[in-house]
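This report looks at how parts of one protein chain pack together. Please view the sequence and the structure before reading on.

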Amino acid sequence: MFLTKEELHTVAQIPLIDKTTNLDDSIIEAIIEESISLMKGYLSRFYDVDTIFSQTGTDRHLATLKRLKDIVIYEIYERHTREQNLVAMRRYEEAMAWLEKLNKGEFADGTLPKIPENTDDITGTTGSTRFGGNTRYSSKY
């Protein structure tokens, strides 16, 4: 797994996380998976998300791991409390801004693996631009 509950100790206290989730680790695992899916949606435009999120241990991309932790902690706090944790909210907003800049191409991270170029695909349906059109039909009146 790309991120475990125990690794969240760098952004929050584990006893607080346990109290917030009533010692139910399945909630944390679900939030981690949902957050990874969210990040994949933003990163998949330019980066190889399967390679990024299949890494474990010291091979993981640390900036991505940090942003994932920020998103997960925010989601855990949002699930339980009515009051906003301002630090978690600020870090969440920074993580989302980072993801949006990567998605738009305003910011490029040269350390993340890029999507491999597939030169065999000539259909014109890859990338963000699609070429071609609908079949033309001629009509006679």
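## The nonpolar core

The largest nonpolar core has 32 residues, and Leu8, Leu43, Phe53, Val72, Ile73 and Ile76 touch the most other members. A nonpolar core is a set of buried Ala, Val, Leu, Ile, Met, Phe, Trp, Tyr and Cys residues joined through side-chain atoms within 4.5 Å. At least two residues of this core come from each of helix 2, helix 3 (49-54), helix 4 and helix 5 (86-104). Helix 4 gives the largest share, 8 residues. Helices are DSSP runs (H or I, at least four residues), numbered from the N terminus.

The model is predicted: local features need pLDDT of at least 70, side-chain atom pairs count only at pLDDT 80 or more, and totals for chains, interfaces and linings use all residues. Residues are numbered from 1 along each chain as its sequence is written, and side-chain values use heavy atoms, with hydrogens and water left out.

## Isoleucine 76

Not counting residues up to four places away in sequence, isoleucine 76 touches Leu8, Ile17, Thr20, Thr21, Ile28 and Ile31. Contact means heavy atoms within 4.5 Å.

## Aspartate 18

Aspartate 18 is found in helix 1 (residues 14-20). Is aspartate 18 buried or exposed? Aspartate 18 is buried, because its relative accessible area is 15%; buried means under 20%, exposed over 50% and partly exposed in between, with a 1.4 Å probe and protein chains only. Leaving aside neighbours within four places in sequence, aspartate 18 is in contact with Lys5, Leu23 and Asp25.
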